[in-house]
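I opened my notebook to record, one entry at a time, what I looked up in this protein.

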Amino acid sequence: MGRHPILRCRHVLAVVLLVAAAAVLPGAPPRWGDRAVAAPPAFDTAPARAGLERLLATRARQFTLVPVERPDSGDYFTLSGKAGRIEIRGTSPATLLAGAGWYLERVAGVDVGWPGDSLGRLPATLPGVTGALTRSANVPHRYALNDTDEGYSGAYRDFDAYRRDIDLMALHGVNEVFVPTGTDHVYHRALQEFGYSAAELRNWLPGPAHQPWWMLQNMSGFAGPVSERLVEARAALGARIADHLRSLGMTPVLPGFFGTVPPGFAARNPGAVTVPQGRWVGFDRPDWLDPTGPVFDRLAAVFYRVQRERFGDSGMYKMDLLHEGGTPGPVDVASAARAVQRALDTAHPGATWAMLGWQRNPTAAFLSGVDRGRVLILDGLSDRYDGLDRETEWGGTPYAFGSIANFGGHTSLGANTGAWVSRFHAWLAEPGSALRGIAYLPEGTGGNPAGFDLFTELAWQPGRIDQRAWFADYAARRYGGADPHAAAAWEQLRLGPYTMATGTWSEPQDSLFAARPSLTANTAARWSPTALRYDAATVERALSELLRVAPGLRTTDAYRYDLVDVARQALTNRGRVLLPRVRAAYEAKDLERFRALVREWNADMELLGRLVGSDRRFLLGPWLEDARSWGADPAERDRLEYDARSILTTWGGRVPSETGGLRDYANREWDGLVREVYAPRWAAYFATLDDALVTGGTPAAVDWFARDDAWARDHRPHPTVPAGDPHALAEEVRAALEAAA
């Protein structure tokens with residue numbers, strides 16, 4: 001028999017009341033039994049689902065992604081579920097991915113690094129979560145990428161490469177990413193409305209690898225001209241990058257307009273006032289259009305219109321006035337800043353102006369002209385100097401705790417993580433703190449995976465991170481399983497390159513193997529540390545421990561990368577011991593000892609070349625192949641390859657390279673560079689010293705720029721596939737170090 005009508009009504013009413021009650025629970029989807037009740041989603045989870053599938057393939061099916069509204073307190077995610085049925089609730093597609101990243105590292109016990117992962121160690125059925133695990137972001141801004149990233153991380157990557165990097169950033173909780181790609185298109189289009197031909201502008205634009213410094217108003221034209229087809233292709237790529245970020249609920253931070261113009265702008269635009277900016281390490285800087293003058297607003301409006309048409313809108317725009325030596329001339333700085341912000345606000349009401357805290361910028365005078373509530377200072381010096389007081393210096397302007405843990409994309413291992421864990425939460429806890437974010441700002445990304453992991457975690461931990469415990473946990477997941485030798489290795493790395501003293505530098509020392517040959521060389525790049533910043537023995541001990549990691553863990557991508565990286569650093573550090581000995585033998589005119597030490601140096605460099613050639617992350621070939629792939633004909637392919645080669649070596653022409661000091665600024669221990677540039681350079685130098693000892697004369701002078709420039713203009717292909725056994729080569733490094741001890 002059917003139920004009594006009254007009982008049936010009571011049952012329906014109960015269902016309605018239960019559903020209504022569930023619907024108002026914060027962050028909880030309304031459910032009845034095991035069946036979800038239809039409700040409007042907070043956002044589309046499909047982009048996050050696609051990211052998981054790219055990362056985990058079929059294992060992504062074991063995740064249920066639940067969108068929730070973002071509360072006033074900010075982003076959060078919650079993990080729960082049984083084995084094989086993991087549920088992630090999050091406030092955006094990117095936050096769902098951050099939850100997935102947290103699950104993989106803290107529950108499943110594998111690592112998703114930048115670079116290197118141990119995802120191959122995941123079981124077929126993913127482990128369940130004990131109870132429910134929630135993490136909330138402690139700051140709203142989790143910003144990533146330096147203005148220079150495209151130049152030093154690869155200006156010729158394709159969309160798949162950028163998407164992979166964006167996925168990795170989302171998996172680590174980043175929500176704002178700088179997108180400069182295609183800005184050349186905006187200037188190219190906008191300035192044609194102000195008296196310039198398309199051809200003139202394409203000659204003014206630098207090659208893609210050098211464009212970051214053009215956007216910083218440091219230089220123009222080098223490694224050009226660029227083709228109209230290339231400008232269009234880069235715009236199409238930049239639009240795809242921005243759209244992908246938006247699909248994940250992340251903010252594409254676009255370049256804003258602050259007055260950079262080509263030569264002769266005032267002559268072509270009546271009423272315009274431009275201020276010459278002089279030179280930047282040997283390059284002629286572009287002129288600065290006075291923002292308080294009558295033409296600035298018109299050009300800014302066109303710039304933002306063209307940008308919107310191609311790249312869409314954003315809530316954050318990046319601009320740095322008077323960067324690294326720029327001069328305001330007769331222009332009042334506060335008024336100029338006010339005018340730049342007004343133009344931005346006219347085009348994008350309420351948008352945030354992001355600016356780099358670097359050297360003396362932004363000054364108090366500059367900040368006095370802006371609405372500070374709509375500014376975010378990305379502090380590039382938070383972990384570099386001691387005694388910083390950003391609250392007072394910047395007058396309560398919102399800022400992000402930032403780190404530039406490498407310059408030029410150096411392959412040096414290490415970061416000031418001790419400063420990160422001691423300062424970030426302390427500054428955040430200060431009464432009335434203006435700290436509103438983190439800013440991951442290495443000049444080149446794709447190295448130091450432990451640093452990236454720890455730094456981004458600052459924004460998701462409620463209190464100070466225990467550095468020693470963090471590295472122990474990292475060691476336990478990095479290779480997909482706990483191992484006493486992995487733990488010992490990472491403890492040594494923590495004590496050494498990841499706990500460097502602050503006060504002067506934010507990056508480790510670079511490589512003397514990459515330095516311009518000299519018996520007194522103490523750095524490769526002019527502005528790098530001149531001495532070891534930690535005890536080199538810690539890296540050698542770490543190498544010995546890594547070589548003893550259990551064979552089952554050695555198959556992971558993370559292990560292979562780390563083994564090559566640590567062995568490379570141990571061998572590189574040896575150069576700082578060996579070079580003074582070579583010098584002493586030369587100055588003592590001890591030819592036999594000099595030759596023995598030179599043989600040892602050359603052998604180390606030969607071994608280094610073979611070692612880095614065993615991992616694809618240390619190959620030059622893909623970097624050059626990517627550059628050539630963007631060319632439409634042989635001439636353009638050669639021009640783009642020169643752009644990609646020169647940024648790593650000469651950087652510019654003879655004056656910027658030699659007098660300006662930019663040579664080897666982006667030095668890195670990559671296979672092609674070690675074997676074709678660095679090792680032959682040192683061999684040629686030592687040959688001149690040998691001749692001098694034999695003849696009693698003076699060493700022959702060498703035109704090093706001419707040598708390096710010839711290499712930068714060469715077009716010989718390089719391997720794109722690694723060769724050799726990383727473990728055997730690392731063992732060879734260990735043996736060489738022990739023999740030299």
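This is a predicted model: local features need pLDDT of at least 70, side-chain atom pairs count only at pLDDT 80 or more; totals for chains, interfaces and linings use all residues.

Entry 1. Residues are numbered from 1 along each chain as its sequence is written, and side-chain values use heavy atoms, with hydrogens and water left out.

Entry 2. I looked up the secondary structure and found 27 helices and 19 strands, which are DSSP runs numbered from the N terminus (H or I of at least four residues for helices, E of at least two for strands). The radius of gyration is 28 Å, close to the 27 Å from the globule rule for 741 residues, so the protein is as compact as a globular protein of that length; the radius is taken over C-alpha atoms, and the rule is 2.2 Å times the number of residues to the power 0.38.

Entry 3. I looked up burial and read that 60% of the 741 residues are buried, meaning under 20% relative accessible area with a 1.4 Å probe, protein chains only.

Entry 4. I turned to strand β4 (residues 76–82), where five of the seven residues are buried. β4 pairs in the antiparallel sense with strand β6 (residues 133–136) over four bridges, and leucine 79 has leucine 133 as its bridge partner there; two strands pair if DSSP finds at least two bridges between them.

Entry 5. I then followed β4 to strand β5 (residues 85–90), with which β4 pairs in the antiparallel sense over six bridges, and where glycine 81 stands opposite isoleucine 86. Two residues lie between the strands of this hairpin, in which glycine 84 takes a positive phi near 80°.

Methods: Buried means under 20% relative accessible area, exposed over 50%, partly exposed in between (1.4 Å probe, protein chains only).
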